[in-house]
Amino acid sequence: MAAPVQRDQELELTIDSLAFGGNGVARLDGFVLFVRSGLPGDRVRARVTKVKKSHAEALATEILEPGPVRVDAPCEHYPACGGCRFQDLAYETQVEAKHAQVRDALQRIAGLPEPPLEDIVPAKSQFGYRNKCEYTFWQSASGPTLGFHKAGRWDELIEVDRCWIASDLGNRIRDVVRDWAREERLQAYDQKEHSGYLRHLVVREGRNTRQALVQLVTNKGERFERDHFVDTLRAIPDVRSIHWSVNDSPSEVTNLPSELLWGEEAIEEEFCGLRFRVRPNAFLQTNTEMAETLYGIAREFAGLTGSETVWDLYCGTGTIGLTLARDALTVWGIEIVEESVACAVENAALNAIGNAAFYAGNVGQAIEDLRARGGEPDVVVVDPPRAGLAGKALRRLGETAAPRIVYVSCNPTTLAGDVKVLREHYGYELLRVKPVDMFPHTPHVEAVALLERTAVAPADA
């Protein structure tokens with residue numbers, strides 16, 4: 001049967017709910033349309049942008065009747081800026097939608113009609129929570145400026161006067177660097193023409209230590225006077241580390257080798273009673289306040305008594321493993337990013353933790369070596385990227401037959417898929433899942449899951 005709508009057709013629709021990713025869901029004679037910028041209860045005029053056999057996509061061009069959960073967004077750049085999706089959605093509804101997304105994924109993908117899903121933990125702060133922001137330079141009529149990409153566009157940017165999910169310090173650093181760039185008459189990089197100089201600004205903060213790291217990313221060549229740049233930033237007392245990176249490729253990336261221009265190589269952050277060193281490319285949860293909550297749940301689910309061998313896979317800078325080390329016999333961490341591993345080793349020494357070791361390696365390839373080094377695991381903690389566990393890593397994890405797995409997830413769909421494989425092929429049962437809202441006003445949700453091996457896996461039978 002052909003779809004009942006056509007591309008560029010305008011429709012009046014009522015939004016029923018939110019889909020994973022943040023689009024509103026509407027129905028036309030049973031046919032599903034995913035409507036960007038539509039919120040539950042809204043009556044909207046929408047233009048169809050894409051048509052498939054099973055569904056269509058549309059963009060809300062006018063809110064005819066706002067729904068009961070629509071609120072006024074405080075940010076003047078919303079919704080043009082692509083950083084936030086839900087500033088106009090009541091926060092309580094955001095949290096409910098994220099909880100429902102985790103439940104839906106576990107039911108639909110993992111095949112669990114009644115998943116052991118617990119209440120979601122809402123964020124302590126709805127604004128000003130990010131400890132890391134990446135800004136893009138672009139050339140405005142007033143000179144180089146800094147901002148974010150427009151929603152859904154790679155080739156258009158918007159100047160930001162205040163980012164509501166960044167801190168006051170982060171906003172101040174951005175403005176100071178913008179003014180410096182104009183004073184120096186530097187040219188912003190043009191992504192279309194692949195010309196110009198200034199590319200990105202990365203600001204990282206130790207929120208509990210009041211320390212900031214600044215990374216300037218430019219095209220090749222040193223076209224600025226570094227001492228003046230350093231002096232400009234040193235006027236802000238919280239700036240402790242200033243780095244410079246060069247990107248002469250077309251790709252828009254900031255994960256690059258850097259040269260220290262001034263200050264310490266790394267800044268420090270403090271939570272869970274520990275201190276952590278943070279370098280430009282090292283991974284750290286971007287919401288410090290809620291990271292402590294997230295890791296506390298992981299610690300609870302691990303259920304350590306002091307006699308366990310713990311594997312910390314995708315360990316990053318060692319934050320989770322080191323918070324578990326006080327209750328474990330030994331902790332062994334694996335991470336593919338060498339800079340993060342260096343931070344993890346430093347962090348263990350910084351906190352005088354002697355029962356944790358960290359190694360650089362691909363998780364899927366390093367598990368056998370880890371077994372030889374550290375013995376069989378009693379608990380395995382995994383905190384994979386949004387894509388979830390790669391096929392080999394998932395298989396190797398299942399084959400460890402560890403009694404307990406604590407899975408820290410930033411994507412409920414990949415969590416659900418991995419849970420399904422671990423249940424059906426390796427004898428694990430999902431006992432608990434607790435969602436955590438780390439990123440208010442975005443569709444993203446974290447969750448901590450506890451799996452225990454309760455049956456003989458088919459491979460063992």
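**Buried residues, paired strands and enclosed space**

His-77 is buried, having a relative accessible area of 7% (buried means under 20%, exposed over 50% and partly exposed in between, with a 1.4 Å probe and protein chains only). The structure is a predicted model, in which local features need pLDDT of at least 70 and side-chain atom pairs count only at pLDDT 80 or more, while totals for chains, interfaces and linings use all residues. Residues are numbered from 1 along each chain as its sequence is written, and side-chain values use heavy atoms, with hydrogens and water left out.

Helices (H or I, at least four residues) and strands (E, at least two) are DSSP runs numbered from the N terminus. The side chain of His-77 reaches out to the backbone nitrogen of Asp-161, at 2.9 Å. This is a polar contact, that is, a pair of N or O atoms within 3.5 Å; within protein, one must be able to donate a hydrogen and the other to accept it, and residues adjacent in sequence count only if both atoms are side-chain atoms. Glu-76 has its place in the loop between β5 and α1 as well. With a relative accessibility of 60%, Glu-76 is exposed, whereas His-77 is buried. Glu-76 can also be set against Glu-10: the two are 66 residues apart along the chain, and their C-alpha atoms are separated by 27 Å. Pro-79 belongs to the loop between β5 and α1 too, and the peptide bond that leads from Tyr-78 into Pro-79 is cis, with omega near 5°.

Strand β5 supplies the largest share of the lining, with 5 residues. By residue type, the lining of this pocket holds 11 nonpolar, 6 polar and 8 charged residues (Ala, Val, Leu, Ile, Met, Phe, Trp, Tyr, Cys and Pro count as nonpolar, Asp, Glu, Lys and Arg as charged, and the others, Gly among them, as polar).

Rolling a probe the size of a water molecule over the atoms shows where empty space is left. On a 1 Å grid over the protein atoms alone, a cavity is a set of points where a 1.4 Å probe fits but cannot get out; a pocket is an open set with protein on both sides within 12 Å along at least five of seven lines, and lining residues have an atom within 4 Å of a point. Grid points are joined across faces, edges and corners, and a volume is the space filled by probe spheres set on the points. The structure contains 1 cavity of 30 Å³ or more, and the volume of the largest cavity is about 50 Å³. Its lining is made up of Phe-283, Tyr-295, Tyr-314, Cys-315, Gly-316, Thr-317, Thr-319, Ile-320 and Asp-383, which divide into 5 nonpolar, 3 polar and 1 charged.

How many disulfides does a search of the whole structure find? The search gives 0 disulfides (a disulfide is a pair of cysteine sulfur atoms within 2.5 Å). For Cys-75, the nearest cysteine sulfur belongs to Cys-81 and is 6.5 Å away. Cys-75 is buried, at a relative accessible area of 11%. Cys-272 is likewise in no disulfide, and the nearest cysteine sulfur, in Cys-315, lies 16 Å away. Cys-272 is buried at 14% and sits in the loop between β13 (267–271) and β14 (274–278).

The backbone of Cys-272 also deserves a look, with a positive phi near 55° in a residue other than glycine. Ala-401, not a glycine either, has a positive phi of about 55°. Ala-401 lies in the loop between α8 (391–400) and β19 (404–409) and is partly exposed, at 31% relative accessibility.

Finally, strand β6 (residues 132–140) runs antiparallel to β9 (residues 198–206), joined by 5 bridges, and antiparallel to β7 (residues 143–149), again through 5 bridges. Two strands pair if DSSP finds at least two bridges between them. Thr-136 has His-200 as its bridge partner in β9 and Gly-147 as its bridge partner in β7. A hairpin is formed by β6 and β7, with 2 residues between them.
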